[in-house]
Amino acid sequence: MLAIGDFSPLWAGENLEKTPSWIDRPTRWAQLTLVEDDPGKFDPNFWLDYFRRTRSDAVCLSAGGCVAYYPTKIPFHHRSQWLGESDVFGDLVAGCRKLDMVVVARTDPHATYDDACQAHPEWIAVGADGKKRPHWASPEMWVTCALGPYNFEFMTEVKKEIMSRYKVDGIFINRWDGSGTCYCDNCRELFKAATGSDLQRANDARDPAHRDYIFWRQKRLFELWRLWDAEVRKINPDSCVIPNTGGGATSSLDMKAIGELAPILIADRQARRGLAPPWLNGKTGKEYRSTMGAKPIVGIFSVGLEEPYRWKDSVQTEAEIRIWVAEGIANGMQPWFTKFSGVIHDPRWLKVVADIYQRHSRAEKYLRRQTPIARVGMVYSQQTGWFYGGNQASEKVEDHTLGWYQALVEARIPFEMVHDQLLDAAHADRFKTLILPNIAALSDAQCEELRAYVRRGGSLVATYETSLYNERGEKRKDFGLADLFGVAFKGSGERQMHNSYLRLETDPATGKRHPLLAGLEDAPRIINGTQRLEVEARRPFPHPPLTLIPSYPDLPMEKVYPRVEKTDIAEVYLRESGQSRVVYFPWDIDRTFWEVLCADHGKLLQNAITWATNEDPPVRVTGPGVLDVTVWRQPASLTVHLVNLTNPMMMKGPFRELIPVAEQKISVRLPEGAHAKSVQLLAAEKSLPVEQEGDYLTATVPSILDHEIVAIDL
Ligand SMILES: [Zn+2]
């Protein structure tokens with residue numbers, strides 16, 4: 001059986017190559033992805049003018065892969081049928097260079113044609129049925145194998161040709177990591193040689209052979225990344241490849257390794273779809289930053305709808321585009337608009353993006369060289385997603401995180417995401433509190449890092465099955481963090497709860513309630529979650545603030561009465577040790593909050609963080625509505641971003657209109673001894689009086705339409 005350690009020397013380690021000198025230059029990105037019949041039909045000068053008007057300083061242009069937009073000499077590199085003798089890509093590159101833009105070429109290797117399939121059958125992906133895979137959307141094309149010679153040889157030649165001809169600053173690679181598991185001879189042989197196993201048809205994370213596949217695929221892809229990067233840098237040492245990759249707990253390539261390899265990373269979450277809050281774009285920014293640190297991260301946004309029906313030539317409402325992009329900017333991402341097709345079928349987005357980019361350009365000084373100063377970190381764990389969640393990772397893993405995320409946004413608590421492979425002091429100690437939202441799969445070493453974090457004064461808030469499994473998703477007899485929680489896992493009791501409640505207790509000694517119950521003073525009981533673990537206290541927990549009212553029937557209505565009025569079974573375990581505080585909920589409070597959005601659970605989650613963190617927050621914002629609040633330090637300033645999510649379409653887009661939120665009072669903690677020189681509202685383009693008392697600056701923001709940035713010069 002393979003483990004992450006078997007491969008990590010191959011994919012981890014500092015990027016051996018030099019960071020390209022241009023990497024910190026861009027702030028606003030434009031992407032024009034041409035379609036095959038664009039050459040001769042679209043107007044390149046219109047686009048060059050639009051890049052100038054939007055003050056875009058970096059661009060990504062279609063070069064090759066599925067379709068070549070330059071006169072390629074490489075066999076089977078399919079030139080656009082409309083290209084003729086022209087060089088559309090080269091002309092655009094020259095135009096963008098005149099605008100002093102950073103120029104990145106776009107390639108997409110995921111599909112090819114019949115002639116390639118006949119000459120090189122080994123290039124084509126094979127399905128579980130043993131047949132070559134026709135492309136699902138373009139029937140004249142074939143899906144390519146990502147892990148074999150098509151990418152390793154053919155696409156390497158394509159990249160070398162593009163770099164030799166145009167000396168671009170980088171090559172962005174879309175859809176490079178395969179379209180599902182490939183069962184071609186090459187993949188099966190390579191997998192067998194590496195692991196001794198046959199490629200599995202099933203997709204069960206608890207099957208060791210499938211675990212091997214998860215690692216082996218990553219090993220191949222990181223090898224491919226390094227190969228491409230090395231080959232383009234041989235031609236232009238000041239360039240790099242930028243594979244389209246990355247994400248949260250459910251993403252498939254190790255984010256820690258990506259963070260080490262990539263000098264810049266582009267997040268491809270273009271818009272929301274289905275039931276989704278707008279803060280998902282901000283979440284992506286936090287996830288990317290968790291392993292990229294101060295390296296640039298960029299958020300691609302689509303001007304069109306992103307529903308599964310893929311109306312790629314559509315246009316979103318102005319309000320939806322504005323809030324989605326604002327969430328990315330407020331969470332540290334450079335904006336990157338993407339447009340497919342040089343011919344514009346619906347121009348309504350043009351003014352919207354130009355407005356957003358012009359405003360971004362005015363605020364640019366405050367959007368560079370910034371460090372978040374949030375004191376709360378939320379851990380995410382890809383190994384928990386892969387080996388504990390498996391096929392159900394979105395319900396068993398991600399929904400816990402989403403519940404916390406929503407609660408923290410509602411509570412206006414700034415926070416960052418933290419990768420579970422980066423729990424060392426250098427990464428963890430800038431946070432006073434770490435949240436572990438059902439981080440089920442943790443190694444002994446990770447548990448030890450968390451113990452050390454607590455010994456150094458850090459606080460933890462954990463839920464449900466956190467640390468009950470090892471890093472391979474194998475269940476432990478007891479929690480890996482049993483000593484920190486102060487409880488032991490009792491095993492095989494009933495987990496499901498139905499119509500169960502929580503009693504809110506008063507400490508009989510003091511006649512007071514615990515601060516965990518703040519805001520619930522008039523509530524004798526509230527709803528419980530849907531699943532709980534049976535645990536046993538291993539130390540005294542006197543007067544638990546929440547106790548269990550067990551499940552009782554919910555029908556017939558005559559039978560709906562509690563069979564047990566009161567138990568002494570605690571539903572939260574709170575510990576203090578020096579500066580450190582540990583909160584453990586043995587039930588799925590976070591997941592239930594995401595499903596049910598019960599305001600009482602939201603208060604418990606907020607209070608748990610406030611109690612555990614036990615210090616003045618870096619920023620307080622009071623006023624009506626839902627705001628995503630982030631707070632940043634730059635070399636000579638502080639900024640507070642306020643994104644107004646208050647909208648009837650908050651939980652399901654698209655926004656129809658922006659609705660201004662009323663007056664907000666903010667209080668910001670300045671660095672010790674610092675004095676504010678000036679306070680500006682960058683969106684309203686207005687100065688505010690400096691009101692400072694001690695280390696706290698207060699300001700009143702009269703109204704926020706979409707995204708206000710309070711900039712405090714020090
Ligand atoms: Zn293959």
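Entry one, the largest cavity. I found 14 residues lining the largest cavity, with I329, R359, H360, H707 and I709 nearest its centre. On a 1 Å grid over the protein atoms alone, a cavity is a set of points where a 1.4 Å probe fits but cannot get out, and lining residues have an atom within 4 Å of a point. Its volume is about 150 Å³, volume being the space filled by probe spheres set on the points, which are joined across faces, edges and corners. α10 gives the largest share of this lining, 4 residues; helices are DSSP runs (H or I, at least four residues), numbered from the N terminus.

A note on the source: this is a predicted model, where local features need pLDDT of at least 70, side-chain atom pairs count only at pLDDT 80 or more, and totals for chains, interfaces and linings use all residues. Residues are numbered from 1 along each chain as its sequence is written, and side-chain values use heavy atoms, leaving out hydrogens and water.

Among the residues lining the second largest cavity are N281, F301, W324 and I329. α10 again supplies the largest share, 4 residues.

In α9, L280, G282, K283, K286 and E287 meet E398, T401, L402 and Y405 of α13, contact meaning heavy atoms within 4.5 Å.

A pocket is an open set with protein on both sides within 12 Å along at least five of seven lines.

Conventions: Helices (H or I, at least four residues) and strands (E, at least two) are DSSP runs, numbered from the N terminus.
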